[in-house]
Amino acid sequence: MRIGLYAGTFDPLTLGHIDIIKRAVTLVDRLVIGVAINRDKGPLFDLDERVEMIAPEVQNLRDGGAEIVVHPFENLLIDCANDVGASMIIRGLRAVSDFEYEYQMVGMNRALDDSIETVFLTAESRYQAIASKLVKEIARLGGDVSPFVTPAVRERLVQRVGRNNG
């Protein structure tokens, strides 16, 4: 069984993330969505809230045939990959600057465990500008985030930041 791990903080889950998930399920038999705790990023939503938001959004993305599992983790990415039995780590790329960071991460992960491959999927052009950090900022300032997130995630953002323009 081919198991892939697509990890991130998903704070919040965006249409760009969903685009990568849709394509990743065609590459594996099981896709684990690793929801990371990253206190350095100062998440808007806690880990349980992010898992709650992601699970229903990915349920209808099984058209590729892969099982999808949402898995919270707090350890190293490579350790999470081993914990879930992943043979590949799937990473989404939006821009060249993403690649530079990701390339370094691949080197470190291969030094820790060279049996796990990293696969890069580039975001569709219409999603390349979407970043969770920017989506949160737009929501905080009362902008309309509906072009960047699903309606359910938009509702959670509006509830959290107390603004509703759109």
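Rings of Phe, Tyr and Trp (for Trp, its six-membered ring) count as a pair if their centres lie within 6.5 Å, and the pair is called stacked when the planes are under 30 degrees apart, edge-to-face when they are over 60, and tilted for the rest. The structure is a predicted model, in which local features need pLDDT of at least 70 and side-chain atom pairs count only at pLDDT 80 or more, while totals for chains, interfaces and linings use all residues. Residues are numbered from 1 along each chain as its sequence is written, and side-chain values use heavy atoms, with hydrogens and water left out.

**Aromatic rings**

A search of the whole structure finds three aromatic pairs. Select Tyr6 and Phe10 to begin: the ring centres are 5.4 Å apart and the planes stand at 70°, so this pair is edge-to-face. Both Tyr6 and Phe10 are buried, where buried means under 20% relative accessible area, exposed over 50%, and partly exposed in between (1.4 Å probe, protein chains only).

Next select Phe99 and Tyr103, whose ring centres are 5.6 Å apart with planes at 35°, so that pair is tilted. These two residues lie in helix H4 (residues 96-112), four residues apart, about one turn of the helix; helices here are DSSP runs (H or I, at least four residues) and strands likewise (E, at least two), numbered from the N terminus. Phe99 is partly exposed at 36% relative accessibility, whereas Tyr103 is exposed at 55%.

**Helix H2**

Now move to helix H2 (residues 47-58), whose twelve residues reach 17 Å from first C-alpha to last, close to the 16 Å expected, a span taken as 1.5 Å times one less than the number of residues. Colour Leu47, Glu49, Arg50, Met53, Ile54, Glu57 and Val58, which are the buried residues of H2. They cover an arc of only 160° around the axis, which puts them on the same side of H2, the arc being that of the directions from the helix axis to the C-beta atoms. On the other side of H2, Asp48 and Pro56 are exposed.

**Ser132**

Finally, select Ser132, which belongs to helix H5 (residues 132-140) and counts as buried at 14% relative accessibility. Leaving aside residues up to four places away in sequence, Ser132 touches Asp11, Pro12, Thr14 and His17, where contact means heavy atoms within 4.5 Å.
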